[in-house]
Amino acid sequence: MNAETDRASYVTRLLEDLGSIGVERGGGITRLLYSESWRQAQAFLADVMAEAGLEVRFDRVGNLFGRLEGTSPDAPVILTGSHVDTVRSGGKYDGAYGIAASLSAVLSLKERYGKPKRSLEVVSFCEEEGSRFPLAYWGSGSVSGILSPELADTAEDPDGVLLGDAMKEAGFGREDQPDPRRRDIGAFLEVHVEQGVILERTGERVGIVETIAGQRRYILTVEGEANHAGTTPMSMRQDALAAAAEMIQMLEKAAVRAGEPLVATVGRMKIAPNIPNVIPGTVEFTLDIRHLSETLLTGFCEAVLGKCRSIAVRRGLALRVQTALQSRPVPMDPLLTGRLERICRERGLAYRRMMSGAGHDAQSFSSLCPTAMLFVPSRAGISHSPEEYTAPEHLETGLDILTEMLHELAYEDPL
Ligand code: GLV
Ligand code: MN
Ligand code: MN
């Protein structure tokens, strides 16, 4: 077996091992922030990093770092990695691939070239998905400082557990643990599966991200009146679900009218009391809206939320809107992006510059340091699903480009 095959099979093995943590009966993987499976996954990765000879450190929010110290330890760090958490019933590659590829790349550089000039760190961020608490990027956002530590005292999961309490329960959140905020990062690189179908359709091997779409997430609560389904005439109802259905219809039509790349999704709904012979009294649903332009995104959100309010008023219902996430479109660093492009050209790889409709940890860093992001194809574009799959040859391509980029940044570039 040659060294390239070794490095690639290290990635597939690590993905298998990590992918066995948090597996559910239906085959999906669930590692929600600070849950038991999440703890197991971070502990497993900490062991892997320590065995590989990296200096291992957790910060106060549970981000895990493996450091290969450079010969100039005070020079800004080159950071690479992704997130360990998953959506409910997610796949093996989202987040995990970025961690596995980063580890493999750093270890092979260590083997081949020894100590870098600039320290290299692999990171397994504690949370990116927003699957448990009404916030996302808790890991990378705490490192870059775009999220405030005070959120730990306010954000609650659907069971009413406070973020700060969940963090303490998992062994974090103590003052004696390192502050997550970093000011010593010189560059951040993330490799990720595309989670869309473009690369597979075009046959291109690599996607170089130019911009990550801006995103809004809202929780809408419609308050009507629960009442008897048999005795309440249609003209005398305050049906929260019928109102929510009208809002969702309106949202879909408005999103289609707005055109690409705008996308709008209602992904979760809770109906109370959720009984066949009772008119729904309360409905809560989420709204996720994304676009490349901040102006168009803001305009669209204001317009559709206004229409939701009008629907509620016309039906005599109350509507509460809670903002759960607000992120602007984020450009990647043009110089790093250009370097990725050059590396692809040197290797004769078909690539495309593209936007990311998905949110990523990379977006937390672009205001802090030069940041770049690379995609490899996803089979049938499927992600956030147990069906998520990327062929080993594509995993290897991403690994190869990441390794070259880290080599240039940490070993070759003048200090
Ligand atoms: C995260 O994966 C998102 O884009 O929702
Ligand atoms: Mn991800
Ligand atoms: Mn995801």
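1. The structure discussed here is a predicted model. Asp 400 forms a salt bridge with Arg 347, and the closest N and O atoms of the two are 2.7 Å apart. Because Asp 400 belongs to helix α11 while Arg 347 sits in the loop between α9 and β15 (351-356), the pair ties together parts that are 53 residues apart in sequence. Arg 347 is likewise partly exposed, its relative accessible area being 32%.

2. How many salt bridges does a search of the whole structure find? The search gives 25. One of them joins Glu 284 to Arg 268, with 3.4 Å between the closest N and O atoms. This pair links distant parts of the chain: Glu 284 is in strand β12 (residues 282-291) and Arg 268 is in the loop between β9 and β10, 16 residues apart. With a relative accessibility of 38%, Arg 268 counts as partly exposed.

3. Another salt bridge lies within a single helix. The side chains of Arg 342 and Glu 346 meet at 2.9 Å, N to O. Both residues belong to helix α9 (residues 334-346), where they are four residues apart, about one turn of the helix. Arg 342 is partly exposed at 28% relative accessibility, whereas Glu 346 is exposed, with a relative accessible area of 52%.

4. Salt bridges also form a network, which links Arg 67, Glu 69, Glu 121, Arg 182 and Asp 184.

5. Which residues coordinate the manganese ion (ligand 2)? They are His 83 and His 192, each through NE2, and Asp 94 through OD, at 2.0 to 2.3 Å. Along the sequence these donor residues follow the spacing H-x10-D-x97-H. His 83 is in strand β3 (residues 77-83) and His 192 in strand β5 (residues 185-193), so the two histidines tie together parts that are 109 residues apart in sequence. Both His 83 and His 192 are buried.

6. Glu 129 is buried, with 7% relative accessible area.

7. Which residue bridges the manganese ion (ligand 3) and the manganese ion (ligand 2)? Asp 94 does, and the two ions lie 3.6 Å apart. Why does Asp 94 count as buried? Its relative accessibility is 6%, and buried means under 20%.

8. A patch of negative charge is found on the surface, where Glu 150, Asp 153, Asp 165 and Glu 169 gather. Asp 153 is placed in the loop between α4 (138-144) and α5 (163-169). Its relative accessibility is 56%, so Asp 153 counts as exposed.

9. The backbone has some points to check. Most peptide bonds are trans, and most residues other than glycine have a negative phi. The peptide bond from Glu 260 to Pro 261, however, is cis, with omega near 5°. Pro 261 is in the loop between α7 (240-258) and β9 (263-265). The bond from Ala 272 to Pro 273 is also cis, with omega near 5°. Pro 273 is located in the loop between β10 (269-272) and β11 (278-279).

10. For Tyr 34, a residue other than glycine, phi is near 65°. Tyr 34 lies in the loop between α1 (3-19) and α2 (36-51). Is Tyr 34 buried or exposed? Tyr 34 is buried, since its relative accessible area is 2%. For Ala 380, phi is near 55°. Ala 380 is in the loop between β16 (371-376) and α11 (392-412). At 43% relative accessibility, Ala 380 counts as partly exposed.

Conventions: Residues numbered from 1 in each chain as written. Chains lettered and ligands numbered in written order. Predicted model: local features only at pLDDT ≥ 70, side-chain atom pairs only at ≥ 80, totals over all residues. Heavy atoms only, no water. Patch = residues over 30% accessible without salt bridge, like charges linked within 9 Å, V, L, I, M, F, W, Y side chains within 5 Å. Areas by Shrake-Rupley, 256 points an atom, 1.4 Å probe, with all protein chains shown as cover. Salt bridge = Lys/Arg side-chain N within 4 Å of Asp/Glu carboxyl O. Lys, Arg positive; Asp, Glu negative; His and termini not counted. Charge placed at Lys NZ, Arg CZ, Asp CG, Glu CD. Buried < 20%, exposed > 50% of the residue type's maximum accessible area, 1.4 Å probe, protein only. Donors = N, O, S within 2.8 Å, 3.2 Å for Na, K, Ca; no water.
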